[in-house]
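Dear colleague,

I am handing over the structure we spoke about, and it is placed directly below. After it come my notes on what was found, grouped by topic.

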Amino acid sequence: MGIWTPNTEDSDEFYKKFEEQQEQDNKIHGELINRINRSLQEGKDAHDEIGRIIKSHEYVRLAGLFNDIKEFQTSYSVYITEKEAGVDNNIFEIVQTLDDFLNIKLTALYCFRRIELLCSEEDVRCLYDEISARGVSVFFMIQMLNEAKVHNKRFVGKRLEEIYKQYGKEQDAQIIGSYTRKRYPDLPDPLPIEYTKGFRHYDGRKLCFITCVNNHRMYEECLFYVNRLIIPDGVEVEIKSIEGAESMTSGYNAGMHASSAEIKIYLHQDVCIINPFFIFHILDLFNENNNIAVIGMVGSPRLPQDAVMWHGFRIGKLYDENSKLDYKYDVDNPVSYEQVEAVDGLMIVTSKDIPWREDLFDGWDFYDASICAEARRLGLEVVVPEQTCPWVIHDDGMMNLYSYGKYRNRFINEYKCGSIQKKSKGEIESMSQIKEKIYELINSGEFDEAHRLITGNLKTEIQNLKGDAEYCVLAATACMQKEDYQRAFDIITIGLLADNKNYELYLTLGEYYSKTNLNQALLCFYQALLFCDIEKDRAVIESNIENVVLQGASIRQVSVVIVTKNQSECLKKCLNSIVTTILPDLYEIVVIDNASTDGTTDWLSDIEGITYCRFDEDQGYTKACNSGIKLCNAYNDIFLLDADTMLIDNTFFYLMLGLYSSESVGAIGGVTNEYINHQKMKIEAGNLEDAIKEATTVNCPMQDALEKMLYVSDHAILISRSAIDKVGIFDDRFSPNQYEDKDFCVRVNMAGMSVLLCMNSYIFKFMDRGMIYGDKKEVTDKNREVFRSKWGCNIDYSTRARNELIEFIKADHNKPIEVLELGCSMGSTLSRIKRIWPNAGVHGVEYVDTVAHIAASMNDIIQGDVETMEIPYAPEQFDYIICADVLEHLRDPAGTIKRFLPYLKENGHFIISLPNVRHFSVCLGLTLLGEFNYADEGILDRTHLRFFTLRTAKEMIESTGLRVQEVHRNYNGHPEDNELITQLKNAMRVDDPDELKVYQYYFVASK
């Protein structure tokens, strides 16, 4: 029996069978835990038995219902890894019970979070010491990091590597350091949670934190963050835990009656409050509006008709593993809010003691919606505050839905009056007939009325659209007929997120593109044909294809070139992904075998339709690729694929849409789970199953999906035939591999064509090419020098888009802003800005002639010395002027700012980054060693002419007439005090010891 889906017409009698099922599952759950605990206590001979238990049908089924055994599944993966690595004391020898494992796991996950939140070294070490004392292996820590809900796992791994080294565990440090650098993207280090302490008084106010507790380890971590909150003067805070509660309502009523506090904060034991000003903001909200009775972090402005909160639109913010941790909280920021009908029970703050309805909700569901309904019955307001950054983290576990339907039914029956009420049968029928009515209107040609009906009901129908691709086809068609193209595109996107193989949606998408780009329309019709197996509908699609072809649409066939070397199994997956995701008429396949000895020839040479060429000696990747291109049809576009890549549904389609977005596009690549940083997805996908899930949200229609690049990786690059004709193939001097793709893409750019990164095309990759052809330093150094001698610059320097500075641009994304970057290098930051703000004008000045020459092929970039050049721009032209690590290289930084200040709009901003010469590494060299040694890069870069501290940097900037509005700190991954910093702080009177740790400052300044 599966978990029931609620139905409003069910009675309490109906739910008895689900409660009986729950009783039976609880019994099996207990038996499984007992078997696991016995196996753990019996020793090594019983460890394999744990694997058999975890793989059993009952365990797998109940892992979807019980969080403890779900979380324990990880243990066997750790055990196998440790066993293969020859670890003496594996995880099953260390833990005595399942609960013991879960406590160690939670401690590790909390340790990672504290690292990312930049908690003190002491707060991190206390958890690490607790884990280390149990003797767990580095492989356990790696597995836990894979599962951790943290955003910057590479940063966490780097910090763990340092901790291991400090404890003398060099080998473990090397293992985790190497793994995290390879596995996770190199994101900007998190910035500390900054705030300005407030001084407001709230005399006589008392708050109580109330939590129902059944897991003391979770609750300890919850209290860790509660105890870090800043308590305003005059405010009293108490904490109460309720154990053994029979229901959430009974527990909360007990807590409510046990405290005299006016304001009560009911929070789950797995909630961590990370906004230090949380209490300030809560009090401010209640002071602002005496009618507010309930505050939540997430809520529903209007509950869906089925009363299931997550079926409707919700507002608010929560931290999850995809959130960034560069929060800046300010107690003086005004708190605003939005009224809602219900809030999520993860945290509920009340200003009045409203009884929790134990009489109705004697379980663990709908207590939250109920207290909100009770407040609103009294004429009081329920709100969600505006949160620039999330205030809390919720380690949301698995929901027990056995009794969910029963309590949902009770909720709807109880609150049928007021604004929360059960809709009448006629109303429900009316809602369900909107889709049918639109269908009838379209069939009768009444498009005006169909469009009016969908647009007039879009807010209420959005959830129905999300789950119904057919509905999206009808709604998008109505919009297309009324030339409401933007809304049509949005609805098509919603539909394809629900069903990415719906051929009718691709047909409609083709109609959308037919208004602007016939070639892209033709590609959409071909994609519709790929997914359609209904003969009469295929005839309609083919008719559309004929129509756009007659109007001049045409696309070239693509030759897929794959170079393989002893990658037989990966190659099979790669070929299968091509066959299953691309229409057969659109491609040919050429495979170049670089002297494989794994039996590739035995099966590949017999496959019809593949051009196969085998070399007896390894030619290296570059020359093998060129050989493959020469074997292709001379009129085809070229798609280079590594043998260990896999296409996923629509990967190729969106690459082709990008290639045909303009005749000037020469090459295009997609995002991936591995490889170079600027193409690596932010969301992790460590295996194929995860990749396919992610692809459903990545491989979908996206406006502004294309970003100009200096280069994209050739592990999966689609190249137009015109680019090959203009610039040729790879330069054999970059053999055996490395830098051949960078050189090729630069040549494409210099030929007046574009190289693009397609943000909505996801390619899965199994391994790094270096594992096949080797990643030898001498080859890297040799080819880097070949590139330098050919182009006169180092392409590896300053090609990264400065996302940490782009975040300071606050303009609306549709606004036609003007941006100038001084010292823009290759213009990567400007290209990123242009993608995010498609109507922006981006301009740059670069001092190095060879770099400016290449960069000018992508954006409006000129060569010039910013201190002396004649400035070619109009007065007050720019909304933003960016100086990213450039002013320290100048003779007169302030004079340069003054030179460009007239070109800044009256309400414009300078965005400036400067290294901090007060960093402890420089101070120690001066004070202890008497050294001030220049280096090739860093704070003492030998090309730096000026040096700044926070104070002198602000003085320099403000001496120009600018006013510094924001200052942000970059700790370069080391926000904690180390021994050297402690010595400096103790030996010297430092006004702001934190400045010793700051590597770089970011300033936002205005006129």
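Is arginine 918 buried, partly exposed or exposed? With a relative accessible area of 23%, arginine 918 is partly exposed, and please keep in mind here and throughout that the model is a predicted one. Arginine 918 sits in the loop that runs between strand 26 (904-915) and helix 37. The C-alpha atom of arginine 918 is 6.7 Å in space from that of glutamate 995, although the two residues are 77 residues apart in sequence.

Phenylalanine 932 counts as partly exposed because its relative accessibility is 30%, which falls between the limits of 20% and 50%. Together with Leu926 and Tyr934, Phe932 makes a nonpolar surface patch of about 270 Å².

Next, the salt bridges. Side chains of opposite charge can pair when their charged atoms come close. A search of the whole structure returns 62 salt bridges. In one of them, the side chains of aspartate 395 and arginine 113 meet with an N to O distance of 2.4 Å. This pair links distant parts of the chain, since aspartate 395 belongs to the loop between strand 12 (392-394) and helix 15, arginine 113 belongs to helix 6 (residues 98-116), and the two are 282 residues apart. Both aspartate 395 and arginine 113 are buried.

Arginine 800 forms a salt bridge with glutamate 804, where the closest N and O atoms are 3.3 Å apart, and glutamate 804 is buried, with a relative accessible area of 11%. Arginine 942 and aspartate 936 meet through their side chains in a salt bridge of 3.1 Å, N to O, and here aspartate 936 is exposed, its relative accessible area being 66%. There is also a network in which salt bridges that share partners join Arg357, Asp359, Glu374, Arg377 and Glu414.

Glu414 is within the range of helix 15 (residues 404-414), and 9 of the 11 residues of this helix are buried, so helix 15 is largely enclosed by the rest of the structure. The buried residues of helix 15 are Tyr404, Gly405, Lys406, Tyr407, Arg408, Asn409, Arg410, Phe411 and Ile412.

As for the backbone, most residues other than glycine have a negative phi, and most peptide bonds are trans. The peptide bond from serine 735 to proline 736 is cis, with omega near 0°, and proline 736 has its place in the loop between helix 29 (721-727) and helix 30. In helix 30 (residues 740-750) lies aspartate 743, which is buried, with a relative accessible area of 0%. A distance of 9.7 Å separates the C-alpha atoms of aspartate 743 and leucine 710, which are 33 residues apart along the chain.

Glutamate 483, although not a glycine, has a positive phi of about 60°; it is placed in the loop between helix 19 (469-481) and helix 20 (485-498), and it is exposed, with a relative accessible area of 57%. Glutamate 876 likewise is not a glycine and has a positive phi of about 50°. Glutamate 876 lies in the loop between strand 24 (860-863) and strand 25 (878-884), and at 42% relative accessibility it counts as partly exposed.

With best regards

Definitions and conventions: Residues are numbered from 1 along each chain as its sequence is written. This is a predicted model: local features need pLDDT of at least 70, side-chain atom pairs count only at pLDDT 80 or more; totals for chains, interfaces and linings use all residues. Side-chain values use heavy atoms; hydrogens and water are left out. Patches are made of residues with over 30% relative accessible area and no salt bridge: like charges are joined within 9 Å, nonpolar side chains (Val, Leu, Ile, Met, Phe, Trp, Tyr) within 5 Å. Accessible areas come from the Shrake-Rupley method with a 1.4 Å probe; for residues, only the protein chains shown count as cover. A salt bridge is a side-chain nitrogen of Lys or Arg within 4 Å of a carboxyl oxygen of Asp or Glu. Buried means under 20% relative accessible area, exposed over 50%, partly exposed in between (1.4 Å probe, protein chains only). Helices (H or I, at least four residues) and strands (E, at least two) are DSSP runs, numbered from the N terminus.
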